[in-house]
Amino acid sequence: LEYTITDTPPKDTRVEVSGVVTDAFGDPVRYAYINLGSAGASTDAQGRYSLLIQPGSYSIQAQHNGVILQRNITIEDSPTTLDLHWPARPASVLVHVVDADGQAITVPPMVPGAERQKSFLNYNCTTAPIDADGSGQPWTLTQNAGGVANTPMTVLANAHCTGLIRLPDFSREIAHQFDTTDQPLEYTITDTPPKDTRVEVS
């Protein structure tokens, strides 16, 4: 017996999704990472990106400097152009964490000669839904921001931020939330240790 087997490579049915990411001034956003399903690409110096993906429904994300722009999208079986207007604007927030006497809460550094350790800050900030591609579809804009007390921290402008303040000795966490604007903000958080309600039994 003799057989001839002809190999027929499967047809590549992926389609191209490409576009340009620009900021509020129309300038290209460099090194933004675009993630669509299993495909991903970074923008170049001109803000351009291009990737190949099978047609279908996905969640698309654009990430830049810790900020995530995201929405659901359906990719048809033809090339798609998706230009993004990066709406993220920075705001400065300064959070002071003090004790009942108004003194900054710090502890000795773990490394000799370093600065005293301050409270740790971690917030999740979210803006109102926005139209980032002119499609009329809502995009969510979020950021996970971290920093330390008594030091200015950059977060999203016009966002609602919720998070935790962890004392430098890791003894407690304090819930904190605030709304940002285009202007610098400053907060002072006074740590009030929980009252000891234990009673002595002897």
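Okay, before anything else: when I say strand, I mean a DSSP run of E with at least two residues, while a helix is a run of H or I with at least four, and both are numbered from the N terminus. Residues are numbered from 1 along each chain as its sequence is written, and side-chain values use heavy atoms, with hydrogens and water left out. This is a predicted model, so keep in mind that local features need pLDDT of at least 70 and side-chain atom pairs count only at pLDDT 80 or more, although totals for chains, interfaces and linings use all residues.

Leu1 sits in the segment before strand S1 (15–22). Is Leu1 buried or exposed? For these words, buried is under 20% relative accessible area, exposed is over 50%, and partly exposed is in between, using a 1.4 Å probe and protein chains only. Leu1 has 98% relative accessibility, so Leu1 counts as exposed.

Next, a hairpin. Strand S2 (residues 33–36) pairs with S3 in the antiparallel sense over 4 bridges; to count as paired, two strands need at least two bridges found by DSSP. Across the pairing, Tyr33 is opposite Ser42 in S3. There are 2 residues between S2 and S3, and Gly37 in the turn has a positive phi of about 60°. Strand S3 (residues 39–42) has two faces: Ala39 and Ala41 are on the covered one, Gly40 and Ser42 on the uncovered one.

Now the cysteines. How many disulfides does the structure hold? It holds 1, where a disulfide is a pair of cysteine sulfur atoms within 2.5 Å. Cys125 is joined to Cys161, with S to S at 2.1 Å. Cys125 is in strand S10 and Cys161 in strand S13, so the bond ties together parts 36 residues apart in sequence. The S-S torsion is about 115°, so this disulfide is right-handed. Cys125 is buried at 0% relative accessible area, and Cys161 is buried at 0% too.

Last topic: rings. Rings of Phe, Tyr and Trp (its six-membered ring) pair if their centres lie within 6.5 Å, and planes under 30 degrees apart are stacked, over 60 edge-to-face, the rest tilted. That rule gives 3 aromatic pairs. One of them is Phe120 with Phe170, stacked at 5.7 Å centre to centre with 25° between the planes. Those two are 50 residues apart, with Phe120 in strand S10 (residues 120–126) and Phe170 in the loop between strand S13 (160–166) and strand S14 (173–179). Phe120 is partly exposed at 29%, and Phe170 is exposed at 55%.

Then Phe178 and Tyr187 form a tilted pair, 5.3 Å centre to centre and 35° between the planes. Phe178 lies in strand S14 and is buried at 3%, whereas Tyr187 is partly exposed at 23%. Ring pairs also bring in Tyr123, linking Tyr123, Phe178 and Tyr187 into a cluster.
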